[in-house]
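Here are my notes on this model, as numbered points. Please read them next to the coordinates.

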Amino acid sequence: MSIAEGAIYSGGGGGSSFVNGPGVTGGQTLAGNGTQAGGKTDPLYQSPVGDAGSRGQVVLQWTEFTVVPGGPPDVELRQGGAVGYPGVRVEAGVAIDPVSVTVALPPGRGLLFGTQTLADYQLTVQNADGQTTPYMGILSEDGTSLVFSGVDLGLPGTTVMWVAVSAGHDAPLGSTALAFTVGGKTSPSTTVVVTPGYTVSPGGSPVTAERGGWPVYPGVEVRNNGSQAIPRQTVTAKLPAGAAMRFGKQDSPDHQLTVWDAAGNTTVYTGSVSDDGQSLTFSDVDLGIPDAGSQSVMWICVSATDDTPPGPTSVEFSVGDRISPSTTINVI
């Protein structure tokens with residue numbers, strides 16, 4: 001029989017004492033108060049055990065195996081990208097009967113079991129000899145957890161188990177973890193770090209704009225970091241504050257965004273200008289970066305007025321939730 005620690009709940013007064021018996025070491029009798037059982041704050045206490053007229057009971061709090069996060073290294077997930085495999089390690093010096101395992105996604109973090117196009121409800125268990133066994137789970141009604149029954153932990157030794165998860169396109173950036181509950185014991189998984197599906201950076205070499213002169217075309221580069229099927233985005237271009245610049249020229253406004261995609265094709269979008277004339281917003285813009293590592297360039301048309309201060313400046317581009325300055329504009 002496995003070794004465990006436990007408590008015997010009893011009514012009436014008297015002091016505590018330690019007990020030993022088959023399957024129990026370091027067990028403790030918890031004294032009650034009058035007709036009420038002691039130990040009612042124990043999370044495993046079952047009412048009305050030990051109260052007047054109710055028989056006592058031993059509640060075992062098992063300690064024969066440990067569950068800890070898997071890794072390092074951390075599991076890095078790209079927004080809208082491929083799956084990663086966070087998990088836990090289970091260690092014990094004795095064999096354990098098959099247990100139930102529950103894996104829960106962190107709330108509000110935009111993670112998925114598998115991907116949006118290919119769900120994966122499998123738990124993989126690898127024992128100390130490197131042998132792996134898959135188990136199919138049952139998805140909860142809200143889609144946030146999986147339950148696996150009759151999981152053989154393959155102990156004694158060290159066993160590793162994991163699931164496949166991915167980050168949605170709108171998953172918040174930063175660190176999080178899944179929650180694994182193995183035979184009643186809960187542990188966070190390997191740390192999961194969600195990183196951007198695409199990045200935005202200044203596009204190309206600086207351009208020179210003469211005050212009152214011809215327009216220039218500052219822009220940004222957009223790069224796919226490993227995301228799949230990036231949805232169309234809202235793009236906003238904002239003129240530098242206090243720079244007295246304009247979109248196009250005074251006698252010829254230009255409210256267009258040009259996107260030169262990874263395949264070398266160009267698409268032109270017409271934007272909505274703000275009431276103060278300082279920003280343009282473009283809806284449903286295809287970034288044109290379908291594959292990992294692919295890049296596109298987008299730009300607008302601006303000019304400097306006679307009142308624009310000389311010196312370097314830039315247009316601020318917002319592409320979805322990514323923000324970057326444009327190509328540097330040197331005003332002369």
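1. Where is P72 found? P72 sits in the loop between β5 and β6 (75-78). The peptide bond that joins G71 and P72 is cis, with omega about 10°. P156 is in the loop between β13 (145-151) and β14.

2. Basis of the notes. The model is predicted, so local features need pLDDT of at least 70 and side-chain atom pairs count only at pLDDT 80 or more, while totals for chains, interfaces and linings use all residues. Residues are numbered from 1 along each chain as its sequence is written, and side-chain values use heavy atoms, with hydrogens and water left out.

3. Overall make-up. The protein chain has zero helices and 35 strands. These are DSSP runs numbered from the N terminus (helices H or I, at least four residues; strands E, at least two). Of its 332 residues, 41% count as buried. Buried means under 20% relative accessible area, exposed over 50%, and partly exposed in between (1.4 Å probe, protein chains only). Among contacts between residues at least 6 apart in sequence, 67% join residues at least 24 apart. A contact means heavy atoms within 4.5 Å.

4. Sheet with β5. Five strands form an open antiparallel sheet in the order β5-β7-β14-β10-β11. Its edge strands, β5 (65-69) and β11, each pair on one side only. Pairing requires at least two DSSP bridges between two strands. Neighbouring strands are turned by 20° against each other on average, direction ignored. Those angles use axes fitted to C-alpha atoms (for helices, over the stretch in contact) and run from 0 to 180 degrees between N-to-C directions.

5. Pairs within that sheet. β7 (residues 87-92) and β14 (residues 157-163) pair antiparallel over six bridges. G87 stands opposite W162. Five bridges join β10 (residues 122-126) to β11 (residues 132-136), also antiparallel. There, Q122 has M136 as its bridge partner. The hairpin of β10 and β11 has five residues between the strands, and G130 takes a positive phi near 85°.

6. Sheet with β20. Another open sheet of five strands has the order β20-β22-β30-β26-β27, with antiparallel pairing. β20 (198-202) and β27 (266-270) are the edge strands. The twist averages 20° from one strand to the next. Three bridges join β26 (residues 256-260) to β30 (residues 295-299). T258 stands opposite W299.

7. Largest pocket. A pocket is an open set of points on a 1 Å grid over the protein atoms alone, where a 1.4 Å probe fits and protein lies on both sides within 12 Å along at least five of seven lines; lining residues have an atom within 4 Å of a point. About 190 Å³ of space lies in the largest one. Its lining has 15 residues, and H169, D170, Y198, Q233 and D321 lie nearest its centre.

8. Q233. This residue is in strand β23 (residues 233-238). Q233 counts as buried because its relative accessibility is 15%. Beyond residues up to four places away in sequence, Q233 touches several others, including Y198, F282, D284 and G320.

9. Most residues other than glycine have a negative phi. D284 has a positive phi near 55° and lies in strand β29 (residues 279-285). D284 is exposed, with a relative accessible area of 53%. A244 has a positive phi of about 55°. A244 is in the loop between β23 and β24 (245-249) and counts as partly exposed at 36% relative accessibility.

Definitions and conventions:
Grid points are joined across faces, edges and corners, and a volume is the space filled by probe spheres set on the points.
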